[in-house]
Amino acid sequence: GLRRLAAGLRVEFRAARTDRHGQQHRLVLGAHHRLCDRGRHPVHHLCHAQTLVARPAGRRRVRPLPLGGPGCPDNPDSPDNFDGFVRTNRSGRPGVTGPIGRSIAGPIGSPGRRSEEGTTEARFHRESGKRETTDQITNKPTTMTPKIDRQHVAQALRGAYDRVKNTTGGKNADYIPYLANVPSTLFGIAACLTDGTVVAVGDTEYRFGIESVSKVPTALLAMQQYGAQEVLDRIGADATGLPFNSIIAILLENDHPSTPLVNAGAISACSLIKPVGDRDGKWQSILRFVEALCGAQVGVIDELYRSESETNFNNRSIAWLLKNYNRIYDDPDLSLDLYTRQCSIGITAKELATLAATIAAGGRNPVTGEEVFRAELTPKITAMMATVGFYEHTGDWLFNTGLPAKTGVGGGIMAVIPGV
């Protein structure tokens, strides 16, 4: 099955290696096969996986290769501005690549070093979104067409839109009265590439309630202010396997709220946001951070905020239960109000796509160019999204899409593909 990934090259793989100390290391082939057999699962998240290096038959070798993206501290093979390598032959056909041109096998040599005759080594430039290549015989720079571009994205979005635009199943959430009255016929898809290109189809200018998708920027802001380890210690990162507003989850794991992407953890994250004790200051920190991520001014939908505030009885219980376990770090009512307000922010699909692209680009907004957060936080937040973005249904979502994503009861879904 792995040989079929070679896209026309005759390659052979070995499942073990011996290091310079004589110790043998085995590779976990199953992990690669599960990620790659359908040709659509991202390989970026295997920052610490051992990887196979593919060579023409007769020159077999295996070595460990980190597959981190922008800012990954465990990827010494990748310069700061470069996200990966691919091998191509003279005709420009890729050797072993992922579904979007990402390298599965990694480099077979080093930049500037001559390799097998008739090959080109390529690397992706994060700033420009282009691939810079060096011919291994002439050592002269060449240009190549990226494996993913606006046209491909537009075709994919249009195909998805046409396929499901007439679907009428399901219903609006009605436990928040405002949401019950949102037109259920609204539907739009937007994608923002890491070069700032935005492709959209459908109702992508309609401003809807961000709801639980707002948990992602607040978790990022808390990690930006305190560091990822501090947030892990104070809140956690474990999926509960229970509904988003579960009180039982707090009782079962009273030592921490589990993750910033469920209600309990999100309220706790709001309590962490600096300046602690300053309601207006904390709100401005959250609002400005969301605006920096999506590259646009946003604001609260007042009617939605009032509707949520009048019906958030379960969340009030959560806030005070956290207080009972010393897992809320500011006034409980203040923290709950901040959480309710951030869920009431109005946002468009295009703005949400830009927010996702900023995460994918390692904290740099591809539209404004602003460095919003540290690149090292991208694998942290995408790990949370991959494990609990759809709450108790996250496994089903990830099984079918392979994408780290976060859903909101307002109708929004934000997915991130780092390093594309």
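How many salt bridges does a search of the whole structure find? I ran the search and it finds 11, counting a side-chain nitrogen of Lys or Arg within 4 Å of a carboxyl oxygen of Asp or Glu.

**Ground rules.** I am working from a predicted model, where local features need pLDDT of at least 70 and side-chain atom pairs count only at pLDDT 80 or more, while totals for chains, interfaces and linings use all residues. Residues are numbered from 1 along each chain as its sequence is written, and side-chain values use heavy atoms, with hydrogens and water left out.

**Entry 1, charged pairs.** Side chains of opposite charge can pair when their charged atoms come close. I looked up Lys350 and found a salt bridge to Glu205, with the closest N and O atoms 2.8 Å apart. Lys350 lies in helix α12 (residues 349-360) and Glu205 in the loop between β10 (198-202) and β11 (208-209), so this pair ties together parts 145 residues apart in sequence. I take helices (H or I, at least four residues) and strands (E, at least two) as DSSP runs, numbered from the N terminus. For accessibility I call a residue buried under 20% relative accessible area, exposed over 50% and partly exposed in between (1.4 Å probe, protein chains only). Glu205 is exposed at 54% relative accessibility, and Lys350 is partly exposed at 30%.

I then turned to Asp162, whose side chain meets that of Lys165 in a salt bridge (3.7 Å, N to O). Lys165 is partly exposed, with a relative accessible area of 41%, and Asp162 is partly exposed at 36%. Arg158 joins Asp162 and Lys165 in a network of salt bridges.

Is the pair Asp337 and Arg341 buried or exposed? Both residues are buried. Their side chains form a salt bridge at 3.3 Å, N to O. The two lie in helix α11 (residues 332-343), four residues apart, about one turn of the helix.

I checked the length of α4 (residues 215-226). The expected span is 1.5 Å times one less than the number of residues. For the 12 residues of α4 that gives 16 Å, and the end C-alpha atoms are 16 Å apart, which agrees. I noted that α4 is mostly covered, with nine of its 12 residues buried. Among them are Lys215, Pro217, Leu220 and Met223. Just after α4, I found Gly227 with a positive phi of about 100°.

I paired rings of Phe, Tyr and Trp (its six-membered ring) if their centres lie within 6.5 Å, with planes under 30 degrees apart called stacked, over 60 edge-to-face and the rest tilted. The count comes to four aromatic pairs. One of these, Phe244 with Tyr391, is tilted, at 5.5 Å centre to centre and 40° between the planes. Phe244 is in the loop between α5 (228-234) and α6 (248-252), and Tyr391 is in the loop between α13 (378-388) and α14 (394-401), so the pair links parts of the chain 147 residues apart. Tyr391 is buried at 10% relative accessible area, and Phe244 is partly exposed at 24%. The rings of Phe390 and Trp397 have centres 4.4 Å apart and planes at 10°, so I logged them as stacked. Phe390 is buried at 15%, and Trp397 is partly exposed at 22%. Tyr175 forms one aromatic cluster with Phe244 and Tyr391.

I also looked for charges over rings (NZ of Lys or CZ of Arg within 6 Å of the ring centre and within 35 degrees of the ring normal). Arg234 lies over the face of Tyr329, 5.0 Å from the ring centre. Lys274 lies over the face of Tyr226, at 4.6 Å.

I followed three strands that form an open antiparallel sheet in the order β11-β13-β12, where strands pair if DSSP finds at least two bridges between them. The edge strands are β11 and β12 (299-300), each pairing on one side only. Two bridges join β11 to β13 (residues 345-347), and Phe208 stands opposite Ile347 in β13.

I defined a nonpolar core as buried Ala, Val, Leu, Ile, Met, Phe, Trp, Tyr and Cys residues joined through side-chain atoms within 4.5 Å. The largest has 57 residues, of which Leu220, Ile359, Ile381 and Met414 touch the most other members. Elements that each supply at least two residues of this core include α4, α11, α12 and β13. The largest share, eight residues, comes from α8.
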